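This report describes selected features of the structure shown below. Its sections treat the ligand surroundings, a sheet, the domains and the helix contacts in turn.

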Amino acid sequence: MWRYLREIWRGFWSILLSMQITLRYLFTRAVTVQYPEEKRQLPTRALTQHVLTIDLESQELKCTACDMCARICPANCIHLAGEGKGKARRPKWFVIDHNLCMYCNLCVEVCPFDAISMWTGKYELGGFSRTNLVYDMETMHADGFYPTIMTPRSPPGAAAKAPAAPGGGKGGGKG
Amino acid sequence: MVSAGALEQFYALFEAWGIPWIVPRLAIMLGVVSIIIGFISVSAMFLIWWERKISAHIQARFGPMRVGGWHGWAQSIADGLKLLLKEDIIPTRADRPVFILAPIVVFAASLATYVVIPFGPGLIVQDLNIGILYIIAISSLTVVGIIMAGWGSNNKYAALGALRSAAQAVSYEVPLVISLLGPLLLVGSLRMTDIVEYQGGTWLGILPGWLIVVQPLAFLIYFTCAVAETNRLPFDIPEAESELVSGFHVEYSGMRFAIFFLAEYANMFVVCAIATTVFLGGWQGPLLAPWVWFLLKTYFLLFVMIWLRWTLARVRVDQLMHVAWKVLLPLAFVNLGITGLLVLVLSPMG
Ligand code: SF4
Ligand code: SF4
């Protein structure tokens, strides 16, 4: 008899305890990020769309069209052609097919001139056709400072472009 | 709604114009029914939205946020419209008349119970002298509709769900009724307004005169059974999405499904309204208007029901029967016996 009553009481009590827990969660902040309005702050080293970095003084592409990235790319999605000789050699056209890219970062690591970076924070790579995702030199041309392996932090005087680039959203967002 | 005298005058007016007596009565009936259906729909839509919000926040999510601007308030309206526009599918092998009739029976049963819910003094469609009995009798009709749905669908999951639902409803109706008998013994009347008026005073001068103060056990038993009656978690084995793919309404789509859904939320409102009336003092309360108090208390109970749903896991069938027959029923009898004894001993006629 006592056992019977005690078990009923314990069942009842455990329900109350679990209800207390759910009530506490009812009033905690939701962790959802309302995506198009709010954007998450990506880590600096998140691998996103490529950018061809520039020399901040001369505003010229650092790339010398050495073809290293095109050769190491496992997906074979980088194509480029250069023009000029020696130090003046620059790419004539430079195409990365993001349909194929697997974001392995090999092209960045192999580049001897720190001329390509994937730390751009541009992750909204949608397109209405496949050709939309084939980026040419103009699209990938850096418009300022982007962090790279050699220069992960912005130099004095240049505003960091990277993670804040797409939405300028503040991480977490409003509750 | 309107006092009897005004109604008589209304009828007399039509009689004077030589219109048959049935016309004004039908007009009044239709008016009342549309008001009730309107209330049921709005409250069900609000409840669905509210439930989604509460469940989401309990899981640290937002729930519907897009439709209608502020926190997705129009989500249920959009869902209802979508269900209206959907194709109405009747399976080929289904028992057509039964299949079509089932949602109507379920909805009619819950609609009929609204007749005796006292929203406030005078705000009651028909103050029957057997109010509680009427509600209990009518609301058990829901099971008939559910069995019709399960049988008519000609689907094994639907049939299983309907059978489980029948077993559950039959088991839980017994402690439910017996738990209500305790308070009714104290009140000495089955009329809803009498029950509410009985709770007007105070107990010992400090506690509100609500019957939950003297009948807490009965309230708990009633509330547990009410959750089971409305097929909600943790007693939702007739619907059990994960094992029966929604049970009895698995074959229903479009508007017929919406009617089942509406009836379920209407039923939730009814059981909470009864709990409010019998245990929480109905419309009694200071300052605010009576109907506000009534709705506040009812929605608080609804909140507890939703809260329970998102806290507890589904019980097994044997556990379900165990709770009903070995726990709730004996406790309800004990409560009834003690109450009866005390009423006998303490009553002035003694
Ligand atoms: S990240 Fe990898 S796959 Fe993508 S372009 Fe660079 S090397 Fe190719
Ligand atoms: S490895 Fe660097 S410098 Fe060479 S082509 Fe690729 S991006 Fe240009």
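The shell around ligand 1 is made up of 10 nonpolar residues and two polar ones, with no charged residue. The model is a predicted one. Chain A supplies the residues around the ligand: H50(A), C73(A), P74(A), C77(A), I78(A), C101(A), M102(A), Y103(A), C104(A), N105(A), C107(A) and M118(A).

## The sheet of chain A

Chain A holds an open sheet of three strands in the order 4-5-7, with antiparallel pairing. Strand 4 and strand 7 (134-135) stand at the edges; each has a single partner strand, so one side of each is left without a neighbour in the sheet. In general, strands of a sheet pair through backbone hydrogen bonds, in either a parallel or an antiparallel manner.

Strand 4 (residues 78-83) of chain A runs antiparallel to strand 5 (residues 90-97) of chain A, and six bridges join the two. Along this pairing, L80(A) is opposite F94(A) of strand 5, and E83(A) has R90(A) of strand 5 as its bridge partner. The hairpin formed by strand 4 and strand 5 of chain A has six residues between the strands, and in this hairpin G84(A) adopts a positive phi near 95°. On the pairing of strand 5 with strand 7 of chain A, also antiparallel, there are two bridges. Here I96(A) stands opposite Y135(A) of strand 7.

## Domains of chain B

Chain B is divided into domain 1, covering 1-74, and domain 2, covering 86-340. The C-alpha centres of these two domains of chain B are 19 Å apart. Contact between them involves 18 residues of domain 1 and 21 residues of domain 2.

Helix 1 (residues 2-26) of chain A packs against helix 13 (residues 290-309) of chain B at an angle of about 100°, their axes being 10 Å apart. Because angles of 65 to 115 degrees count as roughly perpendicular, helix 1 of chain A is roughly perpendicular to helix 13 of chain B. From helix 1 of chain A, the contact involves I15(A), M19(A), T22(A), L23(A) and L26(A), and from helix 13 of chain B it involves F303(B), V304(B), W307(B) and L308(B). Eight of the residues in this contact are nonpolar and one is polar, with no charged residue.

Helix 1 of chain A also meets helix 2 (residues 22-58) of chain B, where the axes come within 7 Å and cross at roughly 95°. This angle makes helix 1 of chain A roughly perpendicular to helix 2 of chain B. The contact joins T22(A), Y25(A) and L26(A) of helix 1 of chain A with I54(B), H57(B) and I58(B) of helix 2 of chain B. By class, the contact of these helices has four nonpolar and two polar residues, and no charged ones.

Notes
Residues numbered from 1 in each chain as written. Chains lettered and ligands numbered in written order. Predicted model: local features only at pLDDT ≥ 70, side-chain atom pairs only at ≥ 80, totals over all residues. Heavy atoms only, no water. Axes fitted to C-alpha atoms, helices over the stretch in contact; angles between N-to-C directions. Helix = DSSP H or I, 4+ residues; strand = E, 2+ residues; numbered from the N terminus. Parallel < 35°, antiparallel > 145°, perpendicular 65-115°, else oblique. Contact = heavy atoms within 4.5 Å. Nonpolar A, V, L, I, M, F, W, Y, C, P; charged D, E, K, R; others polar. Near = heavy atom within 4 Å. Pairing = 2+ DSSP bridges. Domains from an automatic or database assignment.
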